[in-house]
Amino acid sequence: MASVIIAGVGSFLPERVLTNEDLSKIVDTSDEWIRTRSGIRERHIANEEEACSDLAVKAAKRAIADAKIKPADIDLLIVATASPDLMLPSTACIVQRLLGIPAHTTCFDIAAACSGFLYALEIAYAQLQTYRYKNTLIIGAEKLSSVVDWSDRTTCVLFGDGAGAAVLTKVDQSDIGILGSDLGADGEFVDNLYIPAGGSRSPASVKSVETKKHFIQMNGREVFKSAVRIMETVAREMMKQHQLTPDQISLVFPHQANSRIVDALANNLGFPPEKFYVNLDRYGNTSSASIPIALDEARRAGRIKPGDLTLMIAFGAGFTYGATLVRW
Ligand code: UT7
């Protein structure tokens, strides 16, 4: 069987930086509280004219250039996002138009919140193995600032905007690229992290806007506990399936939500903290974009070398989760 490799990666962060100090002028918070409770120091925020697709396109162009292909070479395009440009059509179709990707390409969005990039990766992998496709473009892109309540200090300090993308390509070589992937979800927890209005359950109305039901609501403590427990379980299972110990894995890319979650996860799994890549201090939680942004940064910083084994671990609203093992 052919392998599927990550042939190119790219990311994009909007120019504007919002520091904890800036936030302390908007809501009743402090740099000290945000840093000690979450590890976040600053985040990037898109401007009014920039939508999710604009961030996605910029990350995608970098991934396409990195993979040394052209937009016309892409057979399948998946955008993972919790903050799409529109309810209809998909952000993937908007990205397709902006990138000039030909009409015969399959394009769709997936809604798996912060686990979206790993969901997209697994779907793209399966499609490449099954169909005639050669190259797929997967993107995690978010303009979370558009769905955050800027008067709610319990959520607005946590999130940021950004996008990360990867080109997956089929190659005739074994034991390289995506070696394993395990995804899951537990719908029992849907009410712990959600946007109550704007969908068919509670369509937009004057009342829904007035009561701020179009913004993210989160039960932070429950999400925290579940994030540690579920990411630990899925990562442990992946390592067991592949008979791996922490010393055989060069670098781990956990979802970037909270440094206390990351530290607990590394500790519980028996990894030294330096093997867990962390950039949430600079970007906050960028949901589906968090893992591909980290991948791109680590690659450019020379922290991923040919032959290295890396593990990505995701967790998000739903709850959704996943772990993916990649040999570079
Ligand atoms: O992508 C996956 C989704 N997200 C996550 O993984 C996030 C998971 N949850 C968390 O990261 C943490 O639960 C938070 C960072 C959200 C909160 O940390 P915590 O240690 O669980 O704090 P808490 O919610 O228990 O709040 C402690 C106190 C409360 O005051 P009282 O009730 O003790 O008087 C809050 O009102 O801190 C207060 N508080 C704040 N104070 C200053 C909450 N937000 C803030 C704030 N600034 N921004």
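1. Helix α10 lies across β11 and β12, and runs at about 150° to β11. This is a predicted model.

2. The sheet that contains β11 and β12 is open and has 4 strands, ordered β8-β13-β12-β11, with mixed pairing. At its edges stand β8 (177–185) and β11 (251–254); each has a single partner strand, so one side of each lacks a neighbour in the sheet. On average, neighbouring strands here are turned by 10° against each other, direction ignored.

3. Within this sheet, β12 (residues 309–316) pairs with β13 (residues 320–327) in the antiparallel sense, over 8 bridges. T310 stands opposite V326 in β13. Helix α7 (residues 220–241) lies across β8, β12 and β13, and its direction is at about 145° to β12.

4. Another open sheet has 5 strands in the order β1-β7-β6-β4-β5, and its pairing is mixed. The edge strands are β1 (3–12) and β5 (106–110), each with a single partner strand, so one side of each is left without a neighbour in the sheet. Neighbouring strands of this sheet are turned by 15° against each other on average, direction ignored.

5. Strands β6 (residues 135–143) and β7 (residues 161–171) of that sheet pair in the antiparallel sense over 9 bridges. T136 has L168 in β7 as its bridge partner. Helix α10 (residues 290–300) packs on this sheet as well, touching β1 and β7, with its direction at about 95° to that of β1.

6. A65 belongs to helix α3 (residues 52–66). Is A65 buried or exposed? Its relative accessible area is 52%, and the cut-off for exposed is over 50%, so A65 counts as exposed.

Notes
Residues numbered from 1 in each chain as written. Predicted model: local features only at pLDDT ≥ 70, side-chain atom pairs only at ≥ 80, totals over all residues. Heavy atoms only, no water. Helix = DSSP H or I, 4+ residues; strand = E, 2+ residues; numbered from the N terminus. Buried < 20%, exposed > 50% of the residue type's maximum accessible area, 1.4 Å probe, protein only. Pairing = 2+ DSSP bridges. Axes fitted to C-alpha atoms, helices over the stretch in contact; angles between N-to-C directions. Contact = heavy atoms within 4.5 Å.
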